[in-house]
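Please consult the sequence and the structure shown below while reading.

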Amino acid sequence: MSLQLPAPLEISRSDEKSCYYSQYYEEETDHEKYEKSPPGAVQEAVEVALDAGYQHVDCAYFYQNETEIGAAFQKKLGEGRLKRDELYVVSKLWNSFHAPQDVKPAFLKSLMMLNLDYLDLYLMHSPMGFPNISGELMPQKDGLLLQSDVDTWRAMEKLVDEGLVKSVGVSNFNISQLERLLSVCRIKPAANQVELHPYLTQPKLVEYCKSKGIVLIAYSPFGCPALPCPSGENSPVPLLENPTVNEIAQKHGKTSAQVLIRFHIQRGIANIPKSITPARIVENAE
């Protein structure tokens, strides 16, 4: 397989093998399982994914496992069978580090944990910022999350200027938030990573991003199988158990997860399935 590093302001092709690793894992066949990944599981999963030909690896400081992912990168790159420019590595700026003076240190910390010299894409994890209170992930006062409105984007643009990251983007932004950013930015966001699946297609956001040349990356392509669905006569079944999805899978000799991945590919949307089970990691790439 010939692998090429996407140019700045471009994301990996929608059919490129992609994965992401949260501090929690979702097993596609068990929508009731939502557990913290055991020690070492994430490193092993990344190694399996890299051996299977995955290129786009989605990370984040908030997931609290970039050290494990970095160990996997170091091992596989050290074996000499994988080159850095064959990977597309993404991380995210957490909400507590939106103050301009906090952006670069947060980025460098992720870079160090990932054992890399540069990132391909750095995303603002959310449009909502928290004050940095001793590095807490979710700082609160009187039970309420604290928010701040600071000029984070310009500090992220400087990371591109300094050659630390090839592209910058956002996550969980809606149309109005994107419009506000586009009105002031010097470097256009390369991507917007949002929840997308057949139960949440977000057609207006999809069309808007395409019209602005912003690549969409779909997280939770299986519809958050680990989270319980609402009960009731008209409530949807978990997406992986949806009769239509299952019918399509049986017709084509595929799994429901493979059908849902294909759903995004046919829409021209990159998607990042998540699993720590080796067999499913390989299966999702087929």
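Helix H5 (residues 175–182) and helix H6 (residues 203–211) have axes that come within 10 Å and cross at roughly 20°. H5 is therefore roughly parallel to H6, a label given to angles under 35 degrees, with over 145 counted as roughly antiparallel, 65 to 115 as roughly perpendicular and the rest as oblique. Axes are lines fitted to C-alpha atoms, for helices over the stretch in contact, and angles run from 0 to 180 degrees between N-to-C directions. Helices (H or I, at least four residues) and strands (E, at least two) are DSSP runs numbered from the N terminus. From H5, Ile175, Leu178, Glu179 and Leu182 take part in the contact, and from H6, Lys204, Leu205, Tyr208 and Cys209; contact means heavy atoms within 4.5 Å. Six of these residues are nonpolar, none is polar and two are charged. In this classification Ala, Val, Leu, Ile, Met, Phe, Trp, Tyr, Cys and Pro count as nonpolar, Asp, Glu, Lys and Arg as charged, and the others, Gly among them, as polar.

The model is predicted: local features need pLDDT of at least 70 and side-chain atom pairs count only at pLDDT 80 or more, whereas totals for chains, interfaces and linings use all residues. Residues are numbered from 1 along each chain as its sequence is written, and side-chain values use heavy atoms, with hydrogens and water left out.

| Helix pair | Angle | Axis separation |
|---|---|---|
| H7 (residues 243–252) and H8 (residues 256–266) | about 100° | 8 Å |
| H1 (residues 41–51) and H2 (residues 66–78) | about 40° | 8 Å |

H7 packs against H8 at about 100°, and H7 is therefore roughly perpendicular to H8. Val245, Asn246, Ile248 and Ala249 of H7 meet Ser256, Val259 and Leu260 of H8. This contact has five nonpolar, two polar and no charged residues.

H1 and H2 are oblique to each other. On the H1 side the contact involves Ala41, Val42, Gln43, Val46, Glu47, Leu50 and Asp51, and on the H2 side Glu68, Ile69, Ala71, Ala72, Phe73, Lys75 and Lys76. Eight of the residues are nonpolar, one is polar and five are charged. Gly53, which follows H1, has a positive phi near 100°.

The largest nonpolar core has 49 residues, of which Phe73, Leu119 and Tyr122 touch the most other members. Helix H3 (residues 100–113) gives the most to this core, with five residues. Such a core is a set of buried Ala, Val, Leu, Ile, Met, Phe, Trp, Tyr and Cys residues joined through side-chain atoms within 4.5 Å. A second, separate core of ten residues includes Tyr88, Leu121, Ala191 and Tyr219.

In H3, Asp102, Val103, Ala106, Phe107, Ser110, Leu111 and Met113 are buried. The buried residues of H3 pack against H2, strand S5 (88–93), strand S6 (119–124), helix H4 (152–161) and strand S9 (165–171). Leaving aside residues up to four places away in sequence, Tyr122 touches several residues, including Ala106, Phe107, Met156 and Val168. Asn115 follows H3 and has a positive phi, near 60°.

Overall, the secondary structure comprises nine helices and twelve strands, and 50% of the 286 residues count as buried.

How values were computed:
Buried means under 20% relative accessible area, exposed over 50%, partly exposed in between (1.4 Å probe, protein chains only).
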